[in-house]
Amino acid sequence: MKEKGGAGNKHWLCSPFAGKRARASLFFLLLAVVLFPTLSHAYAGPGAGFAVLSSFWAIFVAFLYSFYALMTWPFRQLFRFLRRRNAYGKATFERAVILGFDGMDPDLADRFMNEGRLPNLAKLREKGTFSKLRTTFPAISPVAWSTFMTGVNPGKHNIYDFLARDTSNYLPFLSSAEIKGPKRHLKIGKYSIPFGKTEIKGMRKGTPFWHWLGNAGIFSSVIRVPVTFPPEKFQGVLLSGMCVPDLKGSQGTFCLCTTRASSDKFREGGVRVPIERKNGVCRSYVPGPENPLLEKAGELRVDFEIRPELGSRSARFVFGSEKFTMKVGEYSEWIPAEFKAGMGFTAHGICRFYLKELSPEVEVYVTPVNIDPGHPDLPISHPVTYSIYLAKLFGPYATLGLAEDTWALNEHVLDDDAFLAQAYGNHEDRERMLFDALDKTKQGLCACVFDTTDRVQHMFWRYLEEDHPAARDVPHSQHPPVIQELYERMDRLIGRVMGKIDEDTLLMVISDHGFKSFARCMNVNAWLHQNGYLTLKDGKTESGDWFEDVDWSRTRAYTMGLNGLYLNIKGREKQGIVDPVEADALKDELQKKLDGLVDPASGAVGITGVFITDAFYRGPYTENAPDLLVGYGAGYRASWDSVMGKVTGQVFEDNTKAWSGDHCIDPRLVPGVLFSSHKFIEDKPAIVDVAPTILKLFGLALPAHFDGKAWNLATKASAHQG
Amino acid sequence: MAGYAVAIAAFKLFLLTSPLAIVVVVSLVVGLLMVVLFGYTSDQKAIGIAKDQLKAHLLAVRLYRDQIPVVMGSYGKILRGTGRYLKLAFKPLLYVIIPITLLMVQIDRYLGATPLPPNAPFLLTVHTTGSDALNDVTLDLPPEITMTAPPVHVPAGNEIVWRLAGSKEGKYEVKIAAAGQSAAKAVCVGSDLARISTVRLRGQFWERMFSSAEPALPENSPIESISINYPDRNIEIAGYGMNWIWLFFILSMVAGFIFKELLGIQI
C-alpha cells in the first residue's frame, strides 16, 4: 500500500467530496456531531482512536522518559561530576570536533587554497594549523584509521590491509571482522534451523580513544569512522563505517538487471541478472543473502516488476510491497527489501534503483543491498538504537562500509554522473548526521569521517592529468573539474561547521592519507615469478586468482593485498619452505632488488621503497603482519591482478580503469592533512598522535602503550573568531 | 451432513441474535474498512515521516538522557511532532468520522437499549411547549399496554409522565392527543433484538438524526417530545457487563491495528 514517487494522484474516494456542496454538508454533519453528542458518537471510530492513541502514546512515553531523566538527573550529574572532575576539570576545551576527510591530499588542498577556492580551510591555515600528517605503513584507510583511533602502530591493533591471509591455505579473509552463523542447528527435513546468535568478532585490537574519554565520563558521538564494525560498547553513540558488510555479507555487491544477453561476469563487486520481458511487463529480481534455513544454501530473492509507461521515459516499479515511478537516469529513494526465508525469518535490507535504459533494451542498476538501519539484522551502531534513531530522523541511509559503488563505475555499469549522484547523496546523509551530532554533543567529542573525498579522488583522478591512461579518450580541455569541486564542497562543509562552534571547541580536520595518480599497475607476483622467488605448477606460465596455479613447494615469496609481501616460511605457512633462520637474508635480498625498480616503458621508478616490517611494527600482533611492505612510486600501484593473488606474464601495464588515483604506495609520498582551529606546535605530526593529543586536551593521562605523542597547543585563539 | 447444516444454522442464528456476536463482527468489519479508508484518504508518506520523527525524538531522549537540554529539546519536538501528526490525521478522520458515526447511530438503535420486559413497569414522558398544554394531553393505549398508576404532571418541566406496563411481547403504538392533534409513539415489548426508538421529537433535525428512529412530530403540535425509558443494554463478558460502545471501541481498535499491519497502512 505504500506509495513512493508519483505524488499527486487523487484517489477516487476523494472525488465525491470535492465540491463545495459536499464540503458544506460535511461541515454541518461534523458540527452536529460536536453540538449534539450522544453516547454513540462520543467515540468516533477507530480512525480517531488510532490518532489519539498513537499521539498520546508518544507523549506519554516521552513524559515518562523525561520524568525519569529529570528525576535522576541530579544524581547522575553528581555521579558524573565526581567522575569528571579530573577530566573536564583539566580539559582545555569543552568539546573537540574531528572531521575526517578520507584521502584529502595536502598538496591539492594547498594548491586550491592558494587559488582562493577553499576560504574556510585557508582560514584554519591562517589562524590555526595546517600541516602534512604522517600516515601509517601502509597508507591504507583501515590501517590508518585504526591507528588514529587507538593511538598505536599496526603491530598493536592488528590491521595491516583490507585483507589478511590464512596461512593454512593462502586464501584471503576480511581483516577487520569475522561473522560466523550460529553453531547449532536443528535439522527438520530440508530445513536447518539455527539456534543461538550470529557471532561477530572484531579483529581490530586496541582501545579507541573515545573509550578512554567515556571511562572519564566524557560523551562522544562517533560517526562512520572506519573499522568500527562490530560496534563496541562505550559512553556515547557510534555509527559504524568502512568494513560494515552488505546484506549478502560482502563488501558490496551491486546488481545489473538487464534484457541484454551476456555471459560475461563482472571482475568483482557485481552480478548480472536477466530481465524477462513479456506483454510489455519486465520481471527480474534482486539477489539477497543465502537462505540460512536451508541445509543446501540457496539465494534469497525479492522479485520486482517494471512497467514502462507509454510515450515517456519513465516506468512504474513494483518491488515487494513498494510501488514507485522512475525516469531514465534517475535514482529511486532507498527502498526496503525484505528477503523472506520462511518460518518467519526475514532479512531486512534497503537498496536503490537506477533506471539506466528503457528502450530498446531495459537495464536497471541496483545498489548493494545495505543493512536496513531502521531494522538492523546485524548491529551497526552503539547502542543499537542509534542507527534506528538516525533512520527515523532522516530516513533510510547507506550503511555499507564502502557505500559508493566504485566497482559499478569501474565496470561501466554506472557512468560518471550516476556515480557522483550516488556518492554525494550518501555524503549529504552524513552531513545531516554530523550536524545532528553537533547539536546533541555540546560537550565531549564529535568525530565524523567522510568517505566521499577518498572515493571521488579514486575514481576521478584521471581528469586531473593530461595523459592518464584511463582518460585518453577525453580531451584534457573537456576534463570536468570533479576533484576541485569536491574540495570546494568539503570547504563549504567546514564553513558551516565553523558557524556552529565557539572558542571552547577545538576543530580538527584530518585525513588518513593523501592521493597520487594511479596510471601504471605493477604485478609484483609476476616479478617474483620472473626472478625465481615464486614458481608456478609445471606447464603453467600464469596463475589464476588466489595463487591457483602456484607451486608452493618451490615458492619463497608472494604478495597479496595492496602492499604486503610475504615469505613462505616453514612452520608458519602450511607449505612453507623458507627456513626462519634464512628469512632475514631473503628479506634483505628482496628489498635490495625491488627498491628502485624501474618501469622499462617509462623509465620512471616504480618502487621507491621496500620496508622490512620488523623494523617498525611492535606489539603482540606482529606475527600477522606482512614481512615486507612494497612502497610504490607516484603513479604506480599494485595491479588489480596482483592484489588478488594472480600471476601474470607482464610486470608493468597501464591502468585504464576509472579507479585512477590511489594512495596504497610509498607512505612517505602520501601524507594526510591536519587542519585545526587552534595552533599546535609540532614539526612532524602523525596520525598516531591524534588519540594522545585528544586525551591530553581533555586532561586525561595517556595510556603507557600509546605509540603517538600528544601535540602542544600554542594558544587558544580560535580561527573562527579571526 | 445434517449435523453440519444444523451447526451452521445455529451459528447464523447466534450471529443474528447475539449482541456480542454482532459487536464482534461489526468491529472487525469496521476496523478493516476504516483502516482502508484511512489509507486511501491520508497522505501516507507524510504520516510515515511524522511518526518516524516522533520515534526519533523519543529515542533521542533515551540516547542523550544525561544531557538535559537535549532531553527537554526532544520533549518539545515530540509535542510539536504530535501536533503535526494530528494535523495529518485530521483529513482522513473527516472522511472516516461520517460513515462511522452514521453506522454507530444505527447500531445503537439495536444495541443501545433492550425492549421493555413484559409486565414490567416503564415510564412514558411527554414534553409540551408550555405548562398550559399539559391539561389537554390524553393517552390512548392499545389493549396490551396498561396504565399502572395515574399520570403525574410536572408543570415546572412542562412534562406529564405515565407509568405503564406491556402484558405481551410485540410492537405497539400508544397515541397521545393534545390540542386536537394526535401523535403516536412506538413501544417495543419483548426480549429479542429490535430496533428501538427511545424518543420521538418535533423539529430538532440533528438531534432527531442521532437520537430518534421515528418521524418528526407535527410542527404545530404542542407536544415537543415523547420518550420511553427503555433499559440500557449491557453485554456480558466474563461476568462483566458493559455498554456495546466500549466493546466496539476495544475490538475495532485491535482489528484496526492488526489490519494496518497486514495491509501496510500507516496510521
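Predicted model: local features only at pLDDT ≥ 70, side-chain atom pairs only at ≥ 80, totals over all residues.
How accessible is A:Glu428, and does it count as buried, partly exposed or exposed? At 36% relative accessibility, this residue counts as partly exposed.

Let me turn to the partner of A:Glu428. Its side chain meets that of A:Arg489 in a salt bridge, with an N to O distance of 3.7 Å. The two residues belong to distant parts of the chain, 61 residues apart: A:Arg489 lies in helix H13 (residues 482-498) of chain A, and A:Glu428 in helix H11 (residues 416-440) of chain A. A:Arg489 is likewise partly exposed, its relative accessible area being 22%.

Next, a second pair in chain A. A:Asp451 and A:Arg224 form a salt bridge through their side chains, at 3.1 Å from N to O. Here 227 residues separate the partners. A:Arg224 sits in strand E10 (residues 220-225) of chain A, while A:Asp451 occupies the loop between strand E25 (444-450) and helix H12 (452-460) of chain A. Both A:Asp451 and A:Arg224 are buried.

I come now to chain B. The closest N and O atoms of B:Glu214 and B:Lys185 are 2.7 Å apart, in a salt bridge. B:Lys185 is placed in strand E6 (residues 181-189) of chain B, and B:Glu214 in the loop between helix H5 (205-211) and strand E8 (223-228) of chain B, 29 residues apart. B:Glu214 and B:Lys185 are both buried.

For the whole structure, the search finds 52 salt bridges over all chains.

Notes. Residues numbered from 1 in each chain as written. Chains lettered and ligands numbered in written order. Heavy atoms only, no water. Salt bridge = Lys/Arg side-chain N within 4 Å of Asp/Glu carboxyl O. Helix = DSSP H or I, 4+ residues; strand = E, 2+ residues; numbered from the N terminus. Buried < 20%, exposed > 50% of the residue type's maximum accessible area, 1.4 Å probe, protein only.
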